[in-house]
Each structure stands twice: as C-alpha cells, then as structure tokens.
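Here is a short note to read with the structure open beside you. Take the points in order and find each residue as it comes up.

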Amino acid sequence: MQKTILTGLRPTGNLHLGHYFGAAQNWVKLQDEYDFYLEIADIQALTDNFDNPDKVRKNVHEIAIDLLSIGINPSSVHMFIQSMIPEIAELTVIYSNLVTMSRLYRNPTVKSEIAQKKALFGHHGESVTYGFVGYPVSQAADITAFNGNLVPVGEDQLPLIEQCREIVRKFNSIYGETLVEPEPLLSKAARVKGLDGNEKMGKSLGNAIFLADSDEEIAQKIMGAITDPNKIRKDDPANPEVCMVYYYHKLIGNKNLETVCEECKHGKRGCVACKKELILKMQEFLKPIHEKRAYYETHPEEVDAILLEGTEAARTKAKETMAKVRQSVKIDYFD
Ligand code: TRP
C-alpha cells in the first residue's frame, strides 16, 4: 500500500530559501510517490499570533501560492487548512491526557521558542499560554489524523515528531493498537544559513531571501551579505568557506562553483563582482517560481478551489481515524 506522508507549516509569513532548501524542495520530490497531506497550520500559527488573526488569514493564501509556485502539484497533494478539520481539535483534547506538563516544557523546540520569546519580550515572555506550550500535542493530532507514516521536515522539528511518537505509543498501549507511529524524513540540507552568517535563516532574524522577493530586493539583500571579514581589498586572497556569498552560490547550484572558489582563494575575484554574479544566478533561479506566483496571484479563485478540494480529501481521512479513536477510547456512543 502507498505510504502516507503528512507535513505542515505555519502561515506566519512567506516562504524563504531556508524553508525551500530545508524542507519544501524535498516535498516536491516526494509528491508523486506518496499519498501526501500538506497542512497549512493556521491553528498552530494562532498559538503565538492569537492577537493578530489578520496576519494568519492573509498568510494562509500567501503560503498556498508559495507552495504552488515551487511546484507542489495539487493533483498529487492534498493541500488543506488545519482549522477546517475539526477532528484535529478533537484528537488534541484526547491526547492532552497522555502528556505531562514537564515533558512539554522539556521539549527542546518548545524550550528554545520560549527562551526566544523571553529574550524578545523580557518578563512578558514568562506569560506563555497553555495553547502554546501544548502545540506539540496538536501537532501530534495533525500527524496521526491522517495516519502519517512519514513526516518530511527540517531538523528543528525532530523533537516534535519524537513527542508525537511517545503519544502514539502511550495511546496504543492504553487503548489498544489504533494509531500509526510516524517517522521523520530529514532533507539533506536540513538548515540554511542567513545572509548575516547566522546558523539559521529566519524571517524574524531579518536575514532571509524570500521566494517572492523582487529582483531589486534580491540584489539589495545580496549586496549586504557577509563575506570573509579578512578580505579588505578586492585582490586579497580570501576564504570562501566563511563567505555567505560563496555559500549561496553553492546552495543554488551555480555550475561555475569551482571557478568562484578558486578565484576567491587566489584573490582573482572581488566581492562586488562575486555578489553581482550571485544576484544574476539567484534571479535566474527564482524566475520560474516568480512566473508561477504571478499566475496564481491573478487567479485567486483557482487557489481557493485547490484548498477546498484538498481540505475535503483531508477531512474524509481524518473522519476515518476519528471513528477508530472513538471506538478505542470507548466514546463511540450511538455509532
Ligand atoms: N511546527 C511546524 C513548523 O513550525 C509546522 C507544522 C504544523 C507541522 N503541523 C505539522 C510540521 C505537522 C510537521 C507535521 O514548521
């Protein structure tokens, strides 16, 4: 039988190169081999954006366009909106009995997100909500609602998958074999560095190139990228391994990479020229994505139809799981 994969993303902003190379590119490769559920996790986005529903609403549409633009094929992938599957909310409540508070606080992803909030908001960071601390439980519901065997994600999501596996094992041991225990599927470049050399590219870090960035924005951002700090003059030899410009040449698969590397090492290539080459290559790389985006931006009704269809398919599957879960937990009254 064809295996099922489920993955999701929070609609809090447009996709950037970190999302693309860290995970989404892999989704495009996997889409024809599996029964693929791709969730736009608006409820999860609300856990830390509950006071900004406009932002989440707008980004559901934006993320859908981003995904279609990179080549997600709606006839092989069920792309759906989390909040339209009430079974996910029901499962979350049932699973919440199977997780301790201390286990949630120990989840490395949640822990670092809480630390980040404290750093950003000072003592306000202390007031994390029940919904936020509990989002791994809701994510376990996302995955299991569709019997996800495999979850293709970036590295930062591994602790959430582990937490889901624990919930599944606990559920099955108490209520009998019901749920499928998922496995993560890591993509090769699980993490992409930022323009500033930070280990992680992130919207809130201000070091990202978005797939939807215009040619001008791309040029401006690349001109500001960090290069080898020891290179002062344009004919100084430098170390490409510490240069973000070289890093992105490599990331997007510049065929000229060998030359870029050798010329840089031997002081035969100035940083400005190197950046200009990268700008052109990056614009070329993003061009087909921009073309698809332009199409969907002018055909919003097609995007809506795709989401609606994906959501219907997802709902059908989630209902099947929910029926089994009700039976196992003995709350299948009058069924
Ligand atoms: N937590 C994921 C992120 O922040 C998004 C997500 C929601 C997800 N539900 C999921 C990922 C289910 C994998 C499986 O990117």
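1. Start with the salt bridges. This is a predicted model, and a search of the whole structure finds 20 salt bridges. One of them joins the side chains of Arg 103 and Glu 166, with 2.9 Å from N to O. Arg 103 belongs to helix 5 and Glu 166 to helix 9 (residues 158-175), so the pair ties together parts that are 63 residues apart in sequence. Side chains of opposite charge can pair when their charged atoms come close.

2. Next, the ligand. Which residues are closest to the ligand? They are Arg 10, Gln 44, Gln 139, Asp 142 and Gln 157. In total, 14 residues surround the ligand. By class, this shell has 6 nonpolar, 5 polar and 3 charged residues.

3. Now see where the shell comes from. Strand 1 (4-9), helix 8 and strand 4 (150-153) each supply at least two of its residues. Strand 1 gives the largest share, with 4 residues.

4. Look at the polar side chains facing the ligand. Asp 142 has a polar side-chain atom 2.7 Å from a nitrogen atom of the ligand. For Gln 139, a polar side-chain atom lies 2.8 Å from a ligand nitrogen. How much of the ligand does the protein bury? Taken alone, the ligand exposes 370 Å², and the protein buries 89% of that.

5. Move to the second largest pocket. This pocket holds about 450 Å³ of space. It is lined by 21 residues, and those closest to its centre are Thr 92, Tyr 130, Gly 131, Gly 134 and Ser 138. Two or more lining residues come from each of helix 2 (42-47), helix 4 (86-95), helix 5 (101-106), helix 7 (130-133) and helix 8 (135-145). Helix 4 gives the most, with 5 residues.

6. Finish with the cavity. The structure holds 1 cavity of 30 Å³ or more. The largest cavity has a volume of about 70 Å³. Its lining includes Cys 243, Cys 264, Cys 271 and Cys 274. Also in the lining are Thr 227, Lys 231, Val 245, Tyr 246, Val 260, Arg 269 and Gly 270. Helix 11 (244-251), helix 12 (257-265) and helix 13 (271-297) each give two or more residues to this lining. By class, the cavity lining has 7 nonpolar, 2 polar and 2 charged residues.

How values were computed: Residues numbered from 1 in each chain as written. Predicted model: local features only at pLDDT ≥ 70, side-chain atom pairs only at ≥ 80, totals over all residues. Heavy atoms only, no water. 1 Å grid on protein atoms, 1.4 Å probe; cavity = no way out; pocket = protein on both sides within 12 Å on 5 of 7 lines; lining within 4 Å. Points joined across faces, edges and corners; volume = space filled by probe spheres on them. Near = heavy atom within 4 Å. Polar contact = N/O pair within 3.5 Å; in protein donor to acceptor, adjacent residues only side chain to side chain. Areas by Shrake-Rupley, 256 points an atom, 1.4 Å probe, with all protein chains shown as cover. Nonpolar A, V, L, I, M, F, W, Y, C, P; charged D, E, K, R; others polar. Salt bridge = Lys/Arg side-chain N within 4 Å of Asp/Glu carboxyl O.
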